[in-house]
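Dear colleague,

I am passing a structure on to you and would be grateful if you would look through it. The sequence and the coordinates are shown directly below.

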Amino acid sequence: AVQAVESGGGSVQAGGSLKLSCVVSGFTHCSYYMKWYRQAPGKEREFVSSVEPDGSKTYTDSVKGRFTMSQDVYNLVYLQMNGLKPEDTAMYYCKVQAYGLTCNWNLWGQGTQVTVSS
């Protein structure tokens, strides 16, 4: 089965940096791309960034200029987070989005916790 596993979370002080990773394992004939989401306590899960199939990158406004998403190989993405703020504290999730004729599915990783103290 296909699964996504995130890593790299931790606790840092405001202004610090972390680099998250998401690796997808398992066989699939589908093409897919990956996105990052986060969910803070008591809040809904929100979109953070994505690398689209055409290679373009999208970020939510609150992280632009601070976070950078990159793709190493087709099944491995990173989220470099600089200038972290307390409001970035959340569980960060990787979402795998398949696409194609018979590939309309998505799956989530288990998440990695990011905690930023002031």
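The notes that follow cover the disulfides, the nonpolar core and the aromatic rings.

This is a predicted model, in which local features need pLDDT of at least 70 and side-chain atom pairs count only at pLDDT 80 or more, while totals for chains, interfaces and linings use all residues. Residues are numbered from 1 along each chain as its sequence is written, and side-chain values use heavy atoms, with hydrogens and water left out.

**Disulfides**

A disulfide is a covalent bond between the sulfur atoms of two cysteines; here the term is applied to a pair of cysteine sulfur atoms within 2.5 Å. By this rule the count is two. One of them joins Cys22 to Cys94, with an S to S distance of 2.1 Å. The link of Cys22 and Cys94 is left-handed, with -80 degrees about the S-S bond. It connects distant parts of the chain, since Cys22 belongs to strand E3 and Cys94 to strand E9, 72 residues apart. Strands (E, at least two residues) and helices (H or I, at least four) are DSSP runs, numbered from the N terminus. Both Cys22 and Cys94 are buried, where buried means under 20% relative accessible area, exposed over 50% and partly exposed in between (1.4 Å probe, protein chains only).

Cys30 and Cys103 form a disulfide with sulfur atoms 2.2 Å apart. Its torsion about the S-S bond is about -80 degrees, so this disulfide is left-handed. Cys30 lies in the loop between E3 and E4, and Cys103 in the loop between E9 and E10, 73 residues apart. Cys30 is buried, because its relative accessible area is 9%, and Cys103 is buried, because its value is 5%. With the bonded cysteines of the protein chain numbered in sequence order, the pairing is 1-3, 2-4.

**Nonpolar core**

A nonpolar core is a set of buried Ala, Val, Leu, Ile, Met, Phe, Trp, Tyr and Cys residues joined through side-chain atoms within 4.5 Å. The largest one has 30 residues, and those touching the most other members include Phe67, Met69 and Tyr92. Among the elements that give two or more residues to this core are strand E3 (18–25), strand E5 (46–51) and strand E11 (112–117). E9 provides the largest share, five residues. Leaving aside neighbours within four places in sequence, Phe67 is in contact (heavy atoms within 4.5 Å) with residues including Arg38, Tyr59, Leu79 and Tyr92.

**Aromatic rings**

Rings of Phe, Tyr and Trp (its six-membered ring) pair if their centres lie within 6.5 Å; planes under 30 degrees apart count as stacked, over 60 as edge-to-face and the rest as tilted. The structure holds five aromatic pairs. In one of them, the rings of Tyr32 and Tyr74 have centres 6.3 Å apart and planes at 50 degrees, so the pair is tilted. Tyr32 is in strand E4 (residues 31–39) and Tyr74 in the loop between strand E7 (67–73) and strand E8 (76–81), 42 residues apart. Tyr32 is buried, with a relative accessible area of 13%, whereas Tyr74 is exposed, at 60%.

Tyr93 and Trp108 form an edge-to-face pair, 6.4 Å centre to centre with 90 degrees between the planes. Ring pairs link Tyr37, Phe47, Tyr93 and Trp108 into a cluster. The charged end of Arg45 sits over the ring of Tyr93, 3.7 Å from its centre, and over the ring of Trp108, 4.5 Å from its centre; this requires CZ of Arg or NZ of Lys within 6 Å of the ring centre and within 35 degrees of the ring normal.

With kind regards
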